[in-house]
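Here are my notes on the ligand site, in the order I'd read them. Have the model open alongside.

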Amino acid sequence: MNIIITGASRGLGNAIAESFAAKGHNLFLCSQNELLLYKAMEVLTTKYPGITIKARPFNLADEAQAKAFGRWAMAETQRPGHQNNNIDILVNNAGQFLPGSIYNEKEGTLEKMIEVNLYSAYHLTRVILPQMMKQKSGHIFNICSIASLKAYHNGGSYSISKFALAGFSKNLREEMKEHGIKVTAVYPGAAYTDSWAATGMDQNRFMEAKDIADIIFASSQLSMQACVEDIVLRPQLGDI
Ligand SMILES: NC(=O)c1ccc[n+]([C@@H]2O[C@H](COP(=O)([O-])OP(=O)(O)OC[C@H]3O[C@@H](n4cnc5c(N)ncnc54)[C@H](OP(=O)(O)O)[C@@H]3O)[C@@H](O)[C@H]2O)c1
């Protein structure tokens, strides 16, 4: 299968990339920081030499760049000689957390959070959808958050943007039913990644990035007749 994953240089996106690579699937990856992205690609290529792994840095918060990444990934999968020219899975994972409260967060925080966490997925998905609709198959995972389901301290505009991403995912699910395309909203609680490392909190209190990757991979393996609509995961001890 051909899998497109955004925000794959580290954290959840990197773990998701590894879970598909380990099962022999081809990867088309994106993040912003060129060095980190190519390093991640190199590590995966060394570990899984039998698959195709391509990567290109783009700032997905920028509409033109989100669309350009989609067109690049499509062109890469359509290259003559590829056994499979379909786009089988798109994982909209790239995102950013800026802590704050609506009443006092910095001016422009809402716009930034909406651009990174919502528009990135919206514009990229719209580039990929015509190909999936032509195939009459495909699976789109949108990495939302527990912050898409409930308000929490310091959630501010991040939480607003993740509620919006969940709305995007639910609407897309309805629209794509008849086209044979599955849509899954993933709502993780706290999983230990760079976003949390700086807090100095005990790593054992968190889920592992691999936990989220494993459930996404498992959800991609069901029959054509079944769609996992929502995945809610929390640390064993609950929200942090
Ligand atoms: N970890 C958690 O506890 C948790 C919980 C709930 C939901 N989530 C969601 O899960 C997703 C991944 O979180 P994470 O903890 O793995 O984050 P992370 O460790 O900070 O990694 C974020 C990834 O997204 C990329 N990215 C961010 N902004 C981008 C942009 N404008 N254009 C392209 N790539 C961009 C980053 O690349 P660069 O460094 O190059 O920008 C990086 O690869 C996010 O959507 C997050 O909101 C995480």
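1. By class, the shell around the ligand splits into 14 nonpolar, 13 polar and 3 charged residues. Here Ala, Val, Leu, Ile, Met, Phe, Trp, Tyr, Cys and Pro count as nonpolar, Asp, Glu, Lys and Arg as charged, and the others, Gly among them, as polar. Keep in mind that this is a predicted model, where local features need pLDDT of at least 70, side-chain atom pairs need 80 or more, and totals for chains, interfaces and linings use all residues. Residues are numbered from 1 along each chain as its sequence is written, and side-chain values use heavy atoms, with hydrogens and water left out.

2. Who comes nearest? Of the 30 residues around the ligand (a heavy atom within 4 Å), it's Ser9, Arg10, Asn33, Tyr158 and Thr193.

3. Now the polar contacts (N or O atom pairs within 3.5 Å). Asparagine 59 puts a polar side-chain atom 2.9 Å from a ligand nitrogen. Leucine 60 has a polar backbone atom 2.9 Å from a nitrogen of the ligand, and for phenylalanine 58 a backbone N or O atom lies 3.4 Å from a ligand nitrogen.

4. How much of the ligand is buried? Taken alone it exposes 890 Å², and the protein buries 92% of that (Shrake-Rupley, 1.4 Å probe).

5. As for elements, helix H1 (11–21), helix H5 (156–176) and helix H6 (194–197) each give two or more residues to the shell. H6 has the largest share, with 3 residues. Helices are DSSP runs (H or I) of at least four residues, numbered from the N terminus.

Notes. Polar contact = N/O pair within 3.5 Å; in protein donor to acceptor, adjacent residues only side chain to side chain.
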